[in-house]
Amino acid sequence: MGAVKLQLPLPKNVDGVTQDPNPDFSFDALLVELNSIEKKLNASSKFPIPFTKTESRQLSASKDNSRRGFVMQVSDDDVEDMDRDTKHEVGDHFLMGGKRFSCDEIYLSDSDQSEEGLHIELQRDLMDKVGLVESALSEFTNEHQLTIAEEMRDQLSALEAELMDESEKLASTLERVERNTEAQREMNRKFDMQYQRKIAEALDDHLTAVQRDHEHKSQIEERKIRDDAAREEAKRKEKALQEEKARQERIRAEAKVQARLEAERVEREKAAAQEAERKAAKEAAAAAEKKTSESLTTAHSEASKVSKESSQPVRPISDGPKHLAGNTIRVTENAQKLEEKRLTVYNEIAAQNEALGLGSNKAYRKYEMEIARRIKTITGSKENVRVKADELLKLISGSTCPQSISIAMFAQKVVSLCVNPTGSFNSAVYAYARVIVHVTSKVPLAMDILIAELNKVCIYTVPKYIIYSEAAFQTKEAYYKAIGYAEEDGKIESTDSYVDHLSAYMKLYGALVQTEVDGCQNLHGLREGWAWIARFLNVFPANLYTAAALQAFLEMAGFALHRRYKTQFRKLLDVIAKDFLPALKDRGDATLMKVTVNLRSYIESNQFLNEPEGWRLRNSLESHNFTPDSDHDQQYRYQQNRYHY
């Protein structure tokens with residue numbers, strides 16, 4: 001008997017569940033699969049919906065379990081009884097000789113109408129072609145499949161409803177979470193406000209404590225100032241007493257000089273009388289003796305003149321270029337008045353020191369070496385600056401040496417640091433300036449003497465400029481000496497060497513004017529630095545010397561000037577960039593290239609915004625391998641600069 005296999009359409013998958021059974025399933029296998037699906041649905045759902053089972057699921061119990069799928073068999077006798085028309089009508093749907101036939105055109109649909117039409121068509125075809133039993137079996141199978149499909153749709157609807165319910169629960173949960181989050185944020189904002197209030201209260205308490213501490217320190221400083229004033233008054237009285245003693249000594253010395261001159265006069269008269277007597281005795285011998293006497297008298301007069309000139313005090317600063325012919329000096333009126341005022345004080349101190357024996361007393365030389373040693377060992381640490389300033393104040397205010405002499409020594413030794421500037425000078429120049437401010441705030445006269453010393457060796461610190469003129473200067477060497485070139489072994493130093501120590505003088509001056517020390521008043525502070533740069537731009541031409549002076553000053557004081565004057569300082573830099581630098585470039589001098597590039601880089605890269613190296617002192621005291629320059633060479637170079645002003 002041939003077998004006919006009924007194939008169903010491909011299964012559909014919905015949410016991981018197969019809607020229609022596998023077409024190769026047997027009837028028993030189909031039942032097993034349905035039971036498995038039911039168990040899975042009941043396990044995954046909170047509300048199990050059991051399948052409604054019918055007796056049709058048990059029909060296959062009495063059948064042969066070895067059959068797979070829906071197989072229709074037609075016996076050979078039945079085939080023979082069919083007439084030829086019937087065989088022709090069956091066509092491709094039946095396979096002769098017991099072979100199976102397939103129903104590929106039969107499928108199940110979700111639409112009830114299509115299922116009903118398919119069922120009717122299938123039933124009609126089967127009844128007409130194969131008989132009643134097979135048709136009934138096919139109809140029963142189709143009804144069972146429709147029932148299973150309906151149950152599957154119900155299960156899917158239940159699953160969809162459950163999914164919607166879960167979605168609503170999730171939305172509700174998310175809403176609660178958002179409400180809780182917002183409540184937490186509000187609580188955090190309240191905590192932040194409370195914390196900020198506490199911080200503000202703590203800051204207010206701290207500021208109050210700082211103010212109380214500042215007031216306490218101010219009271220201490222006031223008491224210290226009063227004590228210092230009392231000590232200064234006592235020192236002034238002592239100084240007046242010493243000056244009176246010095247005056248008496250000077251009077252006695254002048255009396256001795258007059259007595260010596262009188263004795264010399266008497267001796268000259270005696271010699272003249274003897275000469276007259278010898279002249280009367282012998283005419284020729286008298287003539288020769290007269291000639292000899294005249295030569296001796298001339299030599300004596302020259303010697304007396306040289307002796308008097310060597311005993312005169314150091315010539316004042318104003319003895320230099322002011323007498324030059326023509327308009328050879330460029331300086332503002334205010335700068336000239338201030339310079340003359342400082343010169344007057346300087347000359348008075350120089351005369352007083354000369355009367356006290358400065359230069360001839362060996363004890364003063366030892367005192368000078370002590371001051372020089374303190375100045376040379378200044379380093380860039382807070383502790384070192386404090387200690388050296390205190391030591392210098394004790395030396396200057398001590399009773400061993402007159403204060404006018406110690407002030408002059410202090411000023412000369414500080415300025416002599418610039419004669420041979422080294423790397424240690426550049427790194428410690430701000431420390432030197434702090435020590436100067438410490439000392440001069442207690443001894444104001446020292447500031448005037450120090451600035452006067454700087455004006456003597458470097459006219460650009462005034463600021464003042466001397467123009468070369470053949471009418472005023474016979475040679476170039478005379479002009480070089482007038483502007484501060486040093487002379488050694490009869491030769492004028494090189495321009496590079498002159499520019500080096502010119503820059504060092506300006507660096508010291510720039511560091512001094514920008515220095516501010518708590519508890520101390522800078523008598524030549526930022527206000528003077530601002531006046532200097534304004535006067536510089538008003539009177540100075542653009543050349544190598546003025547450019548080097550400007551560069552050194554800006555490197556030291558530009559940072560502090562910008563902090564104080566801000567926009568106004570930038571305007572001055574704009575003037576330098578638009579007027580001074582183009583004037584340098586127009587000169588066409590190759591030696592100006594380096595300083596021009598440095599100035600332009602300083603302005604364009606805003607280097608004045610950066611804190612200079614060494615500006616902030618170190619907290620700790622560090623040891624340094626310090627090897628001072630030869631005092632003889634340094635003093636020689638310094639004296640050359642002073643006297644060639």
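This is a predicted model: local features need pLDDT of at least 70, side-chain atom pairs count only at pLDDT 80 or more; totals for chains, interfaces and linings use all residues.
## Aromatic pairs overall

Across the whole structure, a search returns 20 aromatic pairs. A pair of aromatic rings is described by the distance of the centres and the angle of the planes, and two of the pairs are set out below in those terms.

## Tyr468 and Tyr479

The ring centres of Tyr468 and Tyr479 lie 5.3 Å apart, and because their planes meet at 75 degrees, where over 60 counts as edge-to-face, the pair is assigned to that class. Tyr468 belongs to the loop between strand S6 (465–466) and helix H13 (476–482), whereas Tyr479 belongs to helix H13 itself, so that the pair links distant parts of the chain, eleven residues apart.

## Phe569 and Phe608

For Phe569 and Phe608 the ring centres are 5.8 Å apart and the planes stand at 75 degrees, so this pair is edge-to-face. Phe569 lies in helix H17 (residues 567–586) and Phe608 in the loop between helix H18 (593–604) and helix H19 (631–643); the pair links distant parts of the chain, 39 residues apart. Both Phe569 and Phe608 are buried.

## Aromatic cluster

One aromatic cluster is formed by Tyr460, Tyr465, Tyr509, Trp532, Phe536, Phe540, Phe553 and Phe580.

Key:
Residues are numbered from 1 along each chain as its sequence is written. Side-chain values use heavy atoms; hydrogens and water are left out. Rings of Phe, Tyr and Trp (its six-membered ring) pair if their centres lie within 6.5 Å; planes under 30 degrees apart count as stacked, over 60 as edge-to-face and the rest as tilted. Helices (H or I, at least four residues) and strands (E, at least two) are DSSP runs, numbered from the N terminus. Buried means under 20% relative accessible area, exposed over 50%, partly exposed in between (1.4 Å probe, protein chains only).
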